[in-house]
Amino acid sequence: MLSVHDALQITQTHLLDLPDEMVSLEEAVGRVLRQPLTADRDVPPFNRVTMDGIAFRYDAFAGGARQFRVLGAQFAGQAAGTLTDPTACMEVMTGAVLPLGTDTVVRYEDVQIEQGMATIQVDEVQPGQNIHPQGNDRPAGDVLLREGTLMRSVDVAVAASVGAAKVSVAALPRVAIIATGDELVGVDQTPAPHQIRHSNIYMIRAALRALGIRAMLHHLPDDREVLKIGLQNLLEQNDVFILSGGVSAGKADFVPATLTELGVQCHFHKVEQRPGKPLWFGTTEGDRQVVFGLPGNPVSTVMCTYKYVLPYLRAAMGQTAPQPVYAQLAEPFVFRPALTYFLPVRLHYAPDGRLLAHPLPGSGSGDFTNLTGADAFLELPADQTAFAEGEALPVVSAW
Ligand code: AMP
Ligand code: MG
């Protein structure tokens, strides 16, 4: 059987080819940038005053001058004025261009102004103080946002500052989420004693919203023919298929055979992991469409969505892979089977800054209500049985 590592590798070699699209800044948040954004001017673009106060020449102050005649004011949004008299000063406001002929700013709090004369009240003045020099942060032409950036609100601000009213981002795939199973009924229905309400497809759809994807939900029965016709119709209209259920070894688990009949090539079926062992992955010709067959067990669905589906979609959109996160086990843990174990954990930062993972008790595959108390899974490698308190292990989550 395939290791978790190899399974992930295989998914990454069959990435969908998603085109670029231009979106407004309002729509850019949460999307993956497909172009570098460069500074169109120096940052800051002029010598910017950072304190309300007076501006003068430092030479005059160094020569002993403490009183300066006020020869006007420079406000934010005004073109740069000029101080013609080197023994005088100008009032300046935060955000204004530093007037030509001045090089130092003293804030109002340290100055007394009476009858047009400013008197500096402090002895300590550094040349160039309270000025943010032009180009100090970045020179014009510097790359401010790289291709592959997941746009957060601060990145939207940077895009706006360089005049990018629209940005090129990865187009979103069309995604179908499909529950299979005769035991499933709608959330608005009262289940008979032998039935359960859908939950997996709602979980997957909610997780995809973090990527900006709005997926459609579907339900197909455990009937070979109906399943085949239903999947065939959906295959004509979507790029990504996330199926829940029907991939195990049960007599009504028709998903793998049906997908093969429909021309979806299986790249793997079954991974050395718990939960989620029956995971199925395939693509259509040329990797034009991708299919994830997730085991129906709700905890498996959550784990496989975090570990496989979300990273796959992020990579297909071109997002630069985030740094892996590790946490230390807060108590020893034993897991004997030779499978990678995804242990539901609650995370918290210890006072010394360590990220600690507390195993949640009783978290079997079906016990998904327990997951509401979990922040993530801790990935325990297959070739190890006993895990010591303090051991650092990878964190798998929806982040
Ligand atoms: P299966 O993978 O089809 O063998 O299903 C495994 C278990 O997951 C069964 O107990 C199913 O009832 C349950 N299950 C399957 N699909 C869903 C779903 N969409 N929502 C909640 N539970 C499900
Ligand atoms: Mg089923």
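The residues lining the second largest pocket comprise ten nonpolar, three polar and one charged. Here Ala, Val, Leu, Ile, Met, Phe, Trp, Tyr, Cys and Pro count as nonpolar, Asp, Glu, Lys and Arg as charged, and the others, Gly among them, as polar. This is a predicted model, in which local features need pLDDT of at least 70 and side-chain atom pairs count only at pLDDT 80 or more, while totals for chains, interfaces and linings use all residues. Residues are numbered from 1 along each chain as its sequence is written, chains are lettered from A and ligands numbered from 1 in the order in which they are written, and side-chain values use heavy atoms, with hydrogens and water left out.

Let us stay with that pocket for a moment. Its volume is about 210 Å³, and of its 14 lining residues V302, Y306, F368, L371 and T372 are the closest to its centre. Helix 5 (200–209), helix 8 and strand 26 (376–380) each give two or more residues to this lining, with the largest share, three residues, coming from helix 8. The second largest pocket lies between domain 1 (4–18 + 172–317) and domain 4 (325–397), because both give residues to its lining. Domain bounds come from an automatic or database domain assignment; helices (H or I, at least four residues) and strands (E, at least two) are DSSP runs, numbered from the N terminus.

The largest pocket has a volume of about 990 Å³. Its lining has 33 residues, with K307, P311, P322, P324 and V395 nearest the centre. Helix 8 (298–317) is among the elements that supply at least two residues, alongside helix 1 (4–12) and strand 28 (392–396), and helix 8 gives the most, six residues. By class, this lining holds 19 nonpolar, nine polar and five charged residues. Domain 1 and domain 4 each contribute at least three residues to it.

What lines the largest cavity? The residues are L231, L235, F241, L243, L259 and V291, and the classes are six nonpolar, no polar and no charged. About 30 Å³ of space lies in this cavity. On a 1 Å grid over the protein atoms alone, a cavity is a set of points where a 1.4 Å probe fits but cannot get out, and a pocket is an open set with protein on both sides within 12 Å along at least five of seven lines; lining residues have an atom within 4 Å of a point. Grid points are joined across faces, edges and corners, and a volume is the space filled by probe spheres set on the points.

Now to the ligand. Around ligand 1 there are 15 residues (near means a heavy atom within 4 Å), the closest being E183, S199, N200, G246 and G296. The shell divides into five nonpolar, eight polar and two charged residues.

| Residue | Ligand 1 atom | Distance |
|---|---|---|
| S199 | nitrogen | 3.1 Å |
| G246 | oxygen | 2.9 Å |
| G296 | oxygen | 2.8 Å |

Taken alone, ligand 1 exposes 480 Å², and the protein buries 77% of that; accessible areas come from the Shrake-Rupley method with a 1.4 Å probe.

The peptide bond from V43 to P44 is cis, with omega near -10 degrees, and P44 sits in the loop between strand 2 (37–38) and strand 3 (48–49). Another cis bond joins R274 and P275, with omega about -5 degrees.

Terms used:
Polar contact = N/O pair within 3.5 Å; in protein donor to acceptor, adjacent residues only side chain to side chain.
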